Amino acid sequence: MNLFEKLLKIDRKIIFIVMAVLVLFPLLKPLGLGVSSGPRAKAAFDAVDAIPPGKTLLISVDFDPASMPELYPMLVALMRHAFARNVKVLLCGLWITGAGLADKAITEIPPEYGKTYGEDVVYLGWKAGVDAVILGMGENIKNVFPVDYYGHPLDSLKMMQEVTRLKDIPFMVAISAGTPGFSDWLLYAQSRYGMRVGAGVTAVSAADAYPYLQSGQLTGLLAGMKGAAEYEVLLQRKNYSKAYMPAVAAMDSQSLAHIVIMVLVIIGNLAFFATRRKRR
Amino acid sequence: MQISTNIWTWVAVILTFGIFSFLWKDNPFYKFCEHLFVGVSVGYTIALTWYNSVYPDLITPLFRQGQLLYIIPFALGLCYFCRFIPKVSWFIRIPMGFVLGWASGVAIPAYFQTNIIKQIQGTILTPSIFARWDVFLWALISFIGVICSVLYFFFSREHKGALKLASETGIVFLMIGFGASFGYTVMARMSLLIGRFQFLLRDWLGVIR
């Protein structure tokens with residue numbers, strides 16, 4: 001048995017162990033490979049940066065704990081950006097299993113900037129019926145969400161006196177792990193009410209989002225953990241946040257893992273073709 | 001190093017290791033974690049649906065505020081449960097017909113506008129693309145890619161001559177698309193692994209920030 005044949009029969013557990021070590025090592029000892037921000041994240045950042053102070057950024061939390069490592073850092077970074085500029089944040093969600101994640105962000109982020117619930121940030125919660133929810137919000141948010149996630153009537157929340165429908169919101173970001181998600185916001189909020197929509201998506205669904213970016217329907221795109229890291233870098237560059245950046249911290253591990261996978265794909269192909277010739 | 005004393009962190013850690021144990025081989029511990037996840041997800045979804053949607057949007061207006069118009073959605077909702085009674089199972093067609101009719105009416109125009117009209121507009125070469133050479137280049141590549149990829153799925157004529165050349169060019173674009181999707185998928189899976197390791201190192205062991 002030559003080297004290539006041995007490589008083709010390598011136990012997958014060895015590959016798992018190598019991968020685990022290479023992912024763990026940079027988390028413990030950061031390599032400082034660096035993260036550069038691309039035009040897609042910059043477009044989303046600029047759109048949030050252009051919201052006048054006092055106005056509202058809508059964030060739709062359309063993901064569940066399974067995609068938390070990729071998407072939660074985006075939610076946190078967007079909220080920090082908004083609060084640093086005194087922009088109000090309205091949260092809602094089309095994924096029922098995302099309700100707890102939005103609640104976690106509401107508990108953790110506003111106090112960092114001295115922001116108060118009801119005045120600077122409101123979480124509407126989740127409602128069944130994706131299209132009906134978005135269309136209803138376009139007409140009157142209170143009709144769809146008479147009370148917020150915590151049971152407060154919307155009329156009793158100061159922030160909601162100024163935000164009554166989607167037209168009152170200059171920009172929104174749909175952080176989505178699939179369907180329902182940014183595509184539904186494009187379908188109903190943008191095509192019907194002309195809303196500017198940005199998206200934060202899992203890397204798996206990034207390729208599906210690019211056509212909407214190219215056509216100008218999406219204003220900015222954060223793709224996967226790398227997208228979140230790019231946004232965190234932009235936040236830090238503008239001194240909006242000095243907090244720990246989980247996505248940036250993960251990029252060294254991500255880079256090493258990608259190198260290993262590329263090497264394994266090349267070796268696997270070489271071994272396959274080499275042994276195929278021999279088999280013939 | 002500051003190991004967590006939070007009981008729920010420990011529960012999460014044990015369940016994480018339970019799921020990871022599948023990498024070695026299928027085992028009862030993994031199966032327990034998997035079934036627990038499914039059960040918890042369903043329970044959470046039912047509870048949240050009741051408290052966030054059914055109770056405030058149907059039960060309260062109908063039974064507490066006496067808004068009788070809500071009897072229509074209530075009856076339509078009940079029709080779904082007729083599925084379990086063979087004699088009246090056909091009742092389910094009423095809410096299904098309502099949902100299909102309403103959803104199609106709402107979705108088709110919006111879908112056409114968002115996914116066809118706007119996408120075609122985004123593909124068409126307009127004078128504005130000549131402003132910068134890189135914009136022109138990418139617009140041209142997109143245009144060629146769309147035409148060739150669509151031609152690959154044109155089955156009314158045998159693919160030979162110019163059509164063969166175009167459809168084979170289409171395959172190249174499709175393969176690049178699949179490659180990009182695969183690359184992104186790898187990145188996504190690695191991100192999830194990194195996320196779990198960050199949880200173990202930060203929230204459980206306290207060895208990183």
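Some ground rules before the close-ups. This is a predicted model, where local features need pLDDT of at least 70 and side-chain atom pairs count only at pLDDT 80 or more, while totals for chains, interfaces and linings use all residues. Residues are numbered from 1 along each chain as its sequence is written, and chains are lettered from A and ligands numbered from 1 in the order in which they are written.

Figure 1. Chain A has 11 helices and six strands (DSSP runs numbered from the N terminus, with H or I of at least four residues for helices and E of at least two for strands). Its C-alpha atoms fill a box of roughly 75 × 40 × 35 Å along the principal axes. There are 280 residues in chain A, and 49% of them count as buried; here a residue is buried if 20 or more other C-beta atoms lie within 10 Å of its own, exposed if 12 or fewer, and partly exposed in between, with C-beta atoms placed from the backbone. Looking at contacts in chain A with a separation of 6 or more, 73% come from residues 24 or more positions apart (two residues are in contact if their C-beta atoms, placed from the backbone, lie within 7 Å). The chain is divided into domain 1 (3–30 + 255–279) and domain 2 (39–243), with bounds that come from an automatic or database domain assignment.

**Figure 2. Where chain A meets chain B.** On the chain A side, 44 residues are in contact with 42 residues of chain B. Elements of chain A that each supply at least two residues to this side include α2 (12–28), β3 (121–126), α9 (206–214) and α11 (246–279). Sorted by class, the chain A side has 27 nonpolar, 11 polar and six charged residues. For the sorting, Ala, Val, Leu, Ile, Met, Phe, Trp, Tyr, Cys and Pro count as nonpolar, Asp, Glu, Lys and Arg as charged, and the others, Gly among them, as polar.

Figure 3. Helix α8 (residues 182–193) of chain A packs against helix α4 (residues 93–123) of chain B at an angle of about 90 degrees, and their axes are 9 Å apart. Axes are lines fitted to C-alpha atoms, for helices over the stretch in contact, and angles run from 0 to 180 degrees between N-to-C directions. That angle makes α8(A) roughly perpendicular to α4(B) (the label covers 65 to 115 degrees). From α8(A), the contact uses L186(A), L187(A), Y188(A), S191(A) and R192(A); α4(B) brings A110(B), Y111(B), Q113(B) and T114(B). Together the residues of this contact split into five nonpolar, three polar and one charged. Also in α4 of chain B is I108(B), which counts as exposed because it has 10 other C-beta atoms within 10 Å.

Figure 4. α4(A) has 17 residues and reaches 23 Å from its first C-alpha to its last, close to the 24 Å expected at 1.5 Å a residue (the expected span is 1.5 Å times one less than the number of residues). This helix is mostly covered, with 16 of its 17 residues buried. Next comes N86(A), in the loop between α4 and β2 (88–93) of chain A. Phi of N86(A) is positive, near 60 degrees, in a residue other than glycine. With 14 other C-beta atoms within 10 Å, N86(A) is partly exposed.

Figure 5. Helix α6 (residues 162–204) of chain B runs for 43 residues and reaches 62 Å from first C-alpha to last, close to the 63 Å expected at 1.5 Å a residue. Buried residues in α6(B) include G170(B), Y184(B), M187(B), F197(B) and L200(B).

Figure 6. Most residues other than glycine have a negative phi, and most peptide bonds are trans. T179(A) and P180(A) are joined by a cis peptide bond, with omega about 0 degrees. P180(A) sits in the loop between β4 (171–176) and α8 of chain A. N239(A), in the loop between α10 and α11 of chain A, has a positive phi near 60 degrees. N239(A) is exposed, with 8 other C-beta atoms within 10 Å.

Technical notes. Parallel < 35°, antiparallel > 145°, perpendicular 65-115°, else oblique.
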